[in-house]
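How do two packed helices come to be described, and by which quantities? Two packed helices are described by the angle between their axes and the distance between the axes.

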Amino acid sequence: MGKIVLMFSGQGAQYPGMGQELYESSPAARQVFDEAEKIRPGTIQQCFSGSAEELSITENTQPCVYCVDLAAAAAIREKGIAADMLAGFSLGEVAALTFSGAVSYETGFKLVCIRAKLMQQASETVTAGMAAVLKLSDEKVTELCNEFENVYPVNFNCDGQVVVAGLKTELEPFIQSVKEAGGRAMPLKVGGAFHSPFMAGASASFVDVLDAIEIKNPQIPLYSNVTAKPYESDIKQLLSKQICNPVMWRIAVENMIEAGADIFIEVGPGKTLAGLVSRISDKVRVFNVEDNASLEKLAIS
């Protein structure tokens with residue numbers, strides 16, 4: 001058997017009721033939620049019975065998805081499955097950092113709450129949005145973005161799928177340009193232009209937050225969204241840069257495969273990352289864990 005990767009879900013994967021089954025069946029998962037609840041009362045209620053609208057607010061989304069991510073990873077570890085590598089998509093990288101042992105559960109949760117607040121505030125300063133572009137190469141999407149002053153490629157997900165962020169006034173003509181180039185673009189239901197220069201203020205403020213805490217080296221190799229390579233001594237710099245720089249997901253997955261990974265398990269709500277990995281490579285096994293049924297299906301040997 002090769003190496004196992006745990007992938008931590010990002011913002012946009014949330015849904016009402018997420019994590020409840022894990023909370024009720026796994027002591028390790030329950031501990032994650034209970035510790036978060038002490039720091040941010042109401043988190044459990046939002047995850048288990050909050051509306052889709054409530055969960056879509058960035059200040060709520062990030063802490064809630066973080067909890068479900070970590071709870072699923074804790075349940076897997078409780079089952080006796082150990083990860084050889086870690087990666088997280090956007091906010092999922094903070095959950096992955098915590099799981100790696102670089103920070104405590106308490107510190108990690110406080111970090112994600114502050115990160116969410118800063119990104120929410122940055123989002124409220126401009127009228128911006130995001131869109132997924134399909135059927136065009138990374139290079140072509142980047143070329144089209146360069147034709148607009150305020151549209152940027154921000155998530156390089158897999159071949160033929162790039163997410164862009166920009167001012168809403170420019171996204172509509174951009175989408176038309178994509179169509180004319182033979183691609184397809186779909187607006188995303190998100191509250192801001194994440195991983196773009198519009199998040200520069202949030203990124204700068206997060207630097208000050210990170211400077212005040214101790215972050216150890218990850219005990220499990222953790223691949224950065226910014227560099228697509230394992231963290232080294234630049235953890236704080238990369239965590240802050242990640243907020244306003246593109247997520248290099250496809251390259252990170254390819255690098256992990258090259259390093260020997262052949263089992264990828266998405267932990268947290270949804271199957272988005274599992275789907276991306278399946279499109280990146282047909283030579284790896286892909287799973288997801290978000291509830292009891294998916295946990296029971298996890299058969300690794």
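The crossing of H2 and H5 is right-handed, a term used when the near helix is turned clockwise from the far one by less than a right angle. This is a predicted model, in which local features need pLDDT of at least 70 and side-chain atom pairs count only at pLDDT 80 or more, while totals for chains, interfaces and linings use all residues. Residues are numbered from 1 along each chain as its sequence is written, and side-chain values use heavy atoms, with hydrogens and water left out.

The axes of helix H2 (residues 27-39) and helix H5 (residues 58-78) come within 7 Å and cross at roughly 150°, which makes H2 roughly antiparallel (over 145 degrees) to H5. Here helices are DSSP runs of H or I with at least four residues, numbered from the N terminus, and axes are lines fitted to C-alpha atoms over the stretch in contact, with angles from 0 to 180 degrees between N-to-C directions.

Pro27, Ala28, Ala29, Val32, Phe33 and Ala36 of H2 meet Cys67, Val68, Leu70, Ala71, Ala74 and Glu78 of H5, contact meaning heavy atoms within 4.5 Å. By class, this contact of H2 with H5 has 11 nonpolar, no polar and one charged residues.

With helix H7 (residues 105-123), the axis of H2 comes within 10 Å and crosses at roughly 55°, so H2 is oblique to H7. On the H2 side, Val32, Glu35, Ala36 and Ile39 make the contact, and on the H7 side Tyr105, Glu106, Phe109 and Lys110 do.

Note on methods: Helices (H or I, at least four residues) and strands (E, at least two) are DSSP runs, numbered from the N terminus. Angles under 35 degrees count as roughly parallel, over 145 as roughly antiparallel, 65 to 115 as roughly perpendicular and the rest as oblique. Ala, Val, Leu, Ile, Met, Phe, Trp, Tyr, Cys and Pro count as nonpolar, Asp, Glu, Lys and Arg as charged, and the others, Gly among them, as polar.
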